[in-house]
Amino acid sequence: MNSNSKITVFGGSGLVGSSILRELKKQGYQNLDAPRSKELNLLDKNQVEEYFKTKQPEFVFMVAGLVGGIYGNMTHPADFLYQNSMMILNIMEAIKNFSPQTKILFTASTCIYPKENPQPIKETRFMTGPLEETNKGYAVAKGLGIVATQLYRQQYNIQSIAVMPTNMYGPNDTYDLKNGHMIPSLIKKFVEAKKNNTSLTFWGTGKPRREALYVDDCADACIYLMNNYEEKELINIGTGFDYSIKEFIAILEEVIDYKAQINWDTSKPDGTLEKRTDITRLKKIMPNFAPRFFQAGLKETLKADFGWKN
Ligand code: GFB
């Protein structure tokens, strides 16, 4: 990409998309387009075709999607399957038919890997075993997207790459306590509990382990890969180190400076017990990739989204 390249970010108002846009602007890219879903419905094949016919973007970051946490995934599995599948298929077809010079980066997710894996999880684990039930719809749709990037490349020479970000957090999240992701929910619950001096309730047993990728570190990697990676093999974007949910809580207690009674709602599932990514492949392409620790990213997030001053 150069500073005048025509770059589109689908999903530009979301957590990852807004971070990619911030970072692109910071790096001097000027010709950016980020259509909102009201302007361009990615589920509508005709609208997607029209977009590629008229705009002919040179680079597309496809980070749009129906996303959610473990509960949102469990309760809307068909919606997650349908919407995420249709969006990427509409885009790949439109690129093939109307804008074959476009290079596309597609973000899948580490939930595409089987429920159980040797840790850390290498990219070669894709399609090697049964999926975690709680997010099967999302995982199948994202897996389909990865395969689409590979097959459109194979048959039509489309420049398409696929990346697998791990559990994320950072500025501009939704903080939806019911359907949203784990890390922003933990943060919001702590902020609210401190304000109201109440106890805290988390889900499951607290034993599962997860990585925590600060969204700007993910955006940096996506932009770097757009500029420096051309192969069909998927790439994990993780941190390589993880924490149990209980360890996340201990960090939050310290940083937010609030300790209270913790309750566990075990009617909610644990999900997969561990999913730490192997980031050897990413580090080989991007040797300077150095994702920040949760404590540091948490402080940034508290400042950006909760007016935290410390
Ligand atoms: O599913 P999960 O990787 O994250 O893990 P998202 C959530 C873990 O945190 C489970 C526990 O063990 C939950 O029981 N947990 C504890 C909580 N308290 C909470 C809470 O207040 N909210 C939530 N959400 N979890 C997604 C996947 O979910 O992770 C997506 O379901 C995607 O498909 C993404 O792969 C990376 O809940 O964030």
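**View 1. Meet the residues around the ligand.** In this predicted model, the shell around the ligand divides into 10 nonpolar, 10 polar and 4 charged residues. Altogether, 24 residues surround the ligand, and the closest are Met182, Lys189, Arg210, Pro269 and Asp270.

View 2. Arg210 places a polar side-chain atom 2.6 Å from an oxygen atom of the ligand. Lys275 also has a polar side-chain atom by a ligand oxygen, at 3.5 Å. At Trp203, a polar backbone atom is 3.0 Å from a nitrogen atom of the ligand. On its own the ligand has 690 Å² of accessible area, and the protein covers 97% of this.

**View 3. Helices and a strand contribute to the shell.** Helix H3 (70-75), helix H6 (182-196) and strand E7 (200-203) are the elements that give two or more residues to the shell around the ligand. H6 provides the largest share, with 4 residues.

**View 4. Now for the open sheet.** Follow its 6 strands in the order E2-E1-E3-E4-E5-E10, with parallel pairing. Strand E2 (32-33) and strand E10 (235-237) are at the edges with a single partner strand each, so one side of each has no neighbour in the sheet. E2 runs parallel to strand E1 (residues 7-10), joined to E1 by 2 bridges. Here you can find Thr8 opposite Asp33 of E2.

**View 5. Two helices pack on the sheet.** Helix H4 (residues 77-98) touches E1, strand E3 (59-62), strand E4 (103-107) and strand E5 (159-165), and its direction makes about 170° with that of E4. Helix H7 (residues 215-228) touches E3, E4, E5 and E10, with its direction at about 150° to that of E4.

Technical notes
Residues are numbered from 1 along each chain as its sequence is written. This is a predicted model: local features need pLDDT of at least 70, side-chain atom pairs count only at pLDDT 80 or more; totals for chains, interfaces and linings use all residues. Side-chain values use heavy atoms; hydrogens and water are left out. A residue is near a molecule or strand if one of its heavy atoms lies within 4 Å of it. A polar contact is a pair of N or O atoms within 3.5 Å; within protein, one must be able to donate a hydrogen and the other to accept it, and residues adjacent in sequence count only if both atoms are side-chain atoms. Accessible areas come from the Shrake-Rupley method with a 1.4 Å probe; for residues, only the protein chains shown count as cover. Ala, Val, Leu, Ile, Met, Phe, Trp, Tyr, Cys and Pro count as nonpolar, Asp, Glu, Lys and Arg as charged, and the others, Gly among them, as polar. Two strands pair if DSSP finds at least two bridges between them. Contact means heavy atoms within 4.5 Å. Axes are lines fitted to C-alpha atoms, for helices over the stretch in contact, and angles run from 0 to 180 degrees between N-to-C directions.
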